[in-house]
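I opened the model to look up a few local features. My notes follow in the sequence I made them.

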Amino acid sequence: PALGKLIPQAKGIIDTSRYEGVYAVIKAPPKSGTWQLELPFFAQLHLMQSSNTVQSRGYKVTVKLIEAK
């Protein structure tokens, strides 16, 4: 219930440009190159498709790496 109070109540059209979605990927640091290319193919595909869907609704999308040690 306390967390729900942090979410503003919609009164009309929501300005999606004010919000950002973050996809956080937990994996080992990259061996070489970019970590995105080290993800399995279908993980890359799903990440691309889902981020495109969210962006098409007007939200900003960020993908971040959380390095597992």
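I took a pocket, on a 1 Å grid over the protein atoms alone, as an open set of points where a 1.4 Å probe fits, with protein on both sides within 12 Å along at least five of seven lines; lining residues have an atom within 4 Å of a point. This is a predicted model, where local features need pLDDT of at least 70, side-chain atom pairs count only at pLDDT 80 or more, and totals for chains, interfaces and linings use all residues. Residues are numbered from 1 along each chain as its sequence is written, and side-chain values use heavy atoms, with hydrogens and water left out.

Pocket. I found that the largest pocket is lined by Ile7, Pro8, Gln9, Ala10, Lys11, Gly12, Ile13, Ile14, Asp15, Arg18 and Tyr19. Its volume is about 160 Å³, meaning the space filled by probe spheres set on grid points joined across faces, edges and corners.

Strands. I looked up strand 1 (residues 20–27) and strand 2 (residues 60–67), which run parallel and are joined by 8 bridges; DSSP runs of E, at least two residues, count as strands, and runs of H or I, at least four, as helices. Two strands pair at two bridges or more by DSSP. Lys27 has Glu67 as its bridge partner in strand 2.

Thr53. I placed Thr53 in helix 1 (residues 41–56). A polar atom of the Thr53 side chain lies 3.0 Å from the backbone oxygen of Gln49. The C-alpha atoms of Thr53 and Ala28 are 27 Å apart, at a separation of 25 residues along the chain.

Note on methods. Polar contact = N/O pair within 3.5 Å; in protein donor to acceptor, adjacent residues only side chain to side chain.
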